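Please keep the sequence and the model in view while reading.

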Amino acid sequence: MFDNPALLKAIFGRLTLESLPLHEPIVVATFIVVALGGIALTGGRGGMLGAAAAGTLLFLIQTLFTLAQVSIFYIQIMYGLILLVALTLNAAGERARRGRMTKQLG
């Protein structure tokens, strides 16, 4: 029954995903930092400097909103908007990189 490693990975991934508290701000912030930091979500590309700069920027934005006494509701909305923009930019960058690669090869 457990001879298939892909089946084990699928079961473990499903169990892990169910236990993640995706509603927690730190989990959302992690995805934002990765996407803003220029780390390819497909893997294989990216650096620690970009992620550190994105983390610093996100921390600065959150601190400024907190000091301005902005409601956590609006901070969460801001997180969502930043995540959408970061994912869009990440996808556009990947598409452009693939286009350059196919031009060089073809």
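Q69 is exposed, with a relative accessible area of 72%, where exposed stands for over 50% relative accessible area, buried for under 20%, and partly exposed for what lies in between, computed with a 1.4 Å probe and protein chains only. The model is a predicted one, in which local features need pLDDT of at least 70 and side-chain atom pairs count only at pLDDT 80 or more, while totals for chains, interfaces and linings use all residues. Residues are numbered from 1 along each chain as its sequence is written, and side-chain values use heavy atoms, with hydrogens and water left out.

Q69 sits in the loop between α3 and α4, the helices being DSSP runs of H or I with at least four residues, and strands runs of E with at least two, numbered from the N terminus. The phi angle of Q69 is near 60°, which is a positive value in a residue other than glycine. As background, most residues other than glycine have a negative phi.

The buried residues of α3 are A51, A54 and L58. Seen down the axis of α3, these buried residues fall within an arc of 65°, so they line one face of the helix, the arc being that of the directions from the helix axis to the C-beta atoms. On the other side of α3, the exposed residues are M48, L49, T56, F59 and L67.

Helix α4, residues 72-105, has 34 residues and spans 49 Å from its first C-alpha to its last, close to the 50 Å expected at 1.5 Å a residue. Its buried residues are I75, M78, Y79, I82, L83, A86, N90 and E94. Among them, Y79 has a relative accessible area of 3% and is therefore buried, and its C-alpha atom is separated by 9.1 Å from that of Q62, which is 17 residues apart from Y79 along the chain.

A nonpolar patch on the surface is formed by F65, V70, F73, Y74, I77, L81 and L84, with about 670 Å² of accessible area together. Patches are made of residues with over 30% relative accessible area and no salt bridge, with nonpolar side chains joined within 5 Å and like charges within 9 Å; a salt bridge is a side-chain nitrogen of Lys or Arg within 4 Å of a carboxyl oxygen of Asp or Glu. Helix α4 gives the most to this patch, with 5 residues. L81 lies in helix α4 and counts as exposed because its relative accessibility is 52%.

Taken as a whole, the protein chain has 4 helices and 0 strands. Of its 106 residues, 18% count as buried. Its accessible surface comes to about 8100 Å², of which 71% belongs to carbon and sulfur atoms, with areas from the Shrake-Rupley method and a 1.4 Å probe.

Notes
The expected span of a helix is 1.5 Å times one less than its number of residues.
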